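Visitor: I would like a close look at a single part of this model, followed by its surroundings. Please keep to what can be read from the coordinates.

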Amino acid sequence: MSAQGLARAAERMTQAGLPRLAIDVFSDYYHQLEQGRTGLIGEDTITPITQVDDLADAEFSAEEQARALSQTVFIRLNGGLGTSMGMDRAKSLLPVRDGLSFLDIIVRQLQAVRASTGVQAPLILMNSFRTRDDSLELLSGYPRLNPDGIPADFCQHREPKLLVDSLEPVDWPADPELEWCPPGHGDIYVALQTTGILDALIAGGYRYANTANADNLGAAPDGRLAAWFAASGAPYSPEVCLRTPADRKGGHLAIRTSDGRMILRDTAQTPEADMRWFTDEHRHRFFHTNNLWFDLVALRDALAARGGLPGLPLIRNRKHVDPSDPASPEVFQIESALGAIVEVFDGARPVLVPRERFLPVKTTDDLALVRSDVYELGADYRLHRRTESTPLVRLDPQHYKLIADFEARFPSGVPSLREATSLTVQGDWTFGAGVVARGDVVLGPTTRPMRVEDGARL
């Protein structure tokens, strides 16, 4: 049954115009799936990493920083729809501050670096088939975004979702688009090849690439980091931060004991019995930010040695074909992680960066924080924290998880959080204008809709 399933899936991909390399990568993962592989990485197979390079120790002149930036291209991962927040378009188009979206701020962060250094470093989006049109429409408002010959984007591939019980590609006539899924951020290494962008960047004189998620506004272009990476001689460097109890679900690097290779382990790759070790911030001291630096020539050569196949570890995600309908059939989505490329390279060097470089928005809790007065949008379009510590925001998922519900309950904006340690909202509360939270604030629980009046001090 599974051999027939692979044939049907490959035929569907061919008919959709997907390149041979993308189909080969999918087929490799399919075989792993039918062999029962789960992609799980047990704690007894790895050794924690306890020491990394620290960016705080690095000093580079303005000239060195500009030279490194002139050889660097900035790639932002823009394939996500924000479905977990009820969105049906690119999450990066969501307004964040002053009416500006993630994507607006990303562009303006780069423009600020260009203005201060005189270096026209390019910005390229990795879109998905669901985010491309809307994102390019926004970018069209920024004329001459990139130097001539450098595209504004490329698209990651897509692949069929597979029925859990048969590994057949799912048919969903109610919405055929839901029959497809992106293959995870790890597809970047395949897409860079099949689009010809990897070779074109190298031919254009670019040597380095920095990647980050589009929802992480902390990962602004940084000359000191670019200079550090150029001077390191490393083929690949992931940015890491010190773990705190709030980061227990973040992926981490480790050394695989069987061959001494550095690897990345995510939550979905950890056996349930080992989660106590995965979430132990003392055992695994650093978490992986998904901000990466890699040498384009080293990447090209490493992929060529593998016949173009990155060979990244399988991530098997079990979902419903229609994410909004738990009664719809269960499917596997085959994915791979961007940061898993670490095990391909000899000499990879993680670098410890300030916490400010990790500010992702995965939930409306995160959105409330970055919209609050804890942060200030500077002239350089970076979000600068105005407090010594970051308050913890926890909103009732029943009433705030979806962006439409969130916006309805904060019609005049989120409360002032500069003097807050935490804000916990239980139940259905709508906030008036000018609300100020201080210390640890808990609202609710309540069984009926409630309102926090204008100007309230909590």
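In what order do the strands of the open sheet of 3 strands come, and is their pairing parallel or antiparallel?

Guide: The model is a predicted one. In the open sheet the order is β21-β22-β24, and the strands pair in parallel. β21 (392-395) and β24 (436-443) each have a single partner strand, so they form the edges and one side of each has no neighbour in the sheet. On average, neighbouring strands here are turned by 20° against each other, direction ignored. Between β22 (residues 416-425) and β24, which run parallel, there are 7 bridges. Within β24, G439 is the residue opposite A420. A helix also belongs in this picture: α11 (residues 364-371) lies across β21 and β22, and runs at about 130° to β21.

Next comes the packing. The largest nonpolar core has 70 residues, and those touching the most other members are L395, F406, L417 and F431. The biggest contribution to this core is made by helix α4 (residues 102-117), with 7 residues. Domain 1 (1-357) and domain 2 (364-452) each supply at least three residues to this core. Another core, of 63 residues, lies apart from the largest one and includes I188, A191, L296 and F332. In soluble globular proteins, nonpolar side chains tend to be buried together.

F74 belongs to strand β3 (residues 72-78) and W293 to strand β15 (residues 286-295), so the pair ties together parts 219 residues apart in sequence. F74 and W293 are both buried. The pair F287 and F358 is likewise edge-to-face, because the planes stand at 65°, with the centres 4.8 Å apart. This pair also links distant parts of the chain, 71 residues apart: F287 is in strand β15, while F358 is in the loop between β18 (351-352) and α11. F287 has 1% relative accessibility and therefore counts as buried, the limit being under 20%. Finally, ring pairs join F74, Y208, F229 and W293 into a cluster.

How values were computed: Residues are numbered from 1 along each chain as its sequence is written. This is a predicted model: local features need pLDDT of at least 70, side-chain atom pairs count only at pLDDT 80 or more; totals for chains, interfaces and linings use all residues. Side-chain values use heavy atoms; hydrogens and water are left out. A nonpolar core is a set of buried Ala, Val, Leu, Ile, Met, Phe, Trp, Tyr and Cys residues joined through side-chain atoms within 4.5 Å. Buried means under 20% relative accessible area, exposed over 50%, partly exposed in between (1.4 Å probe, protein chains only). Helices (H or I, at least four residues) and strands (E, at least two) are DSSP runs, numbered from the N terminus. Domain bounds come from an automatic or database domain assignment. Two strands pair if DSSP finds at least two bridges between them. Axes are lines fitted to C-alpha atoms, for helices over the stretch in contact, and angles run from 0 to 180 degrees between N-to-C directions. Contact means heavy atoms within 4.5 Å. Rings of Phe, Tyr and Trp (its six-membered ring) pair if their centres lie within 6.5 Å; planes under 30 degrees apart count as stacked, over 60 as edge-to-face and the rest as tilted.
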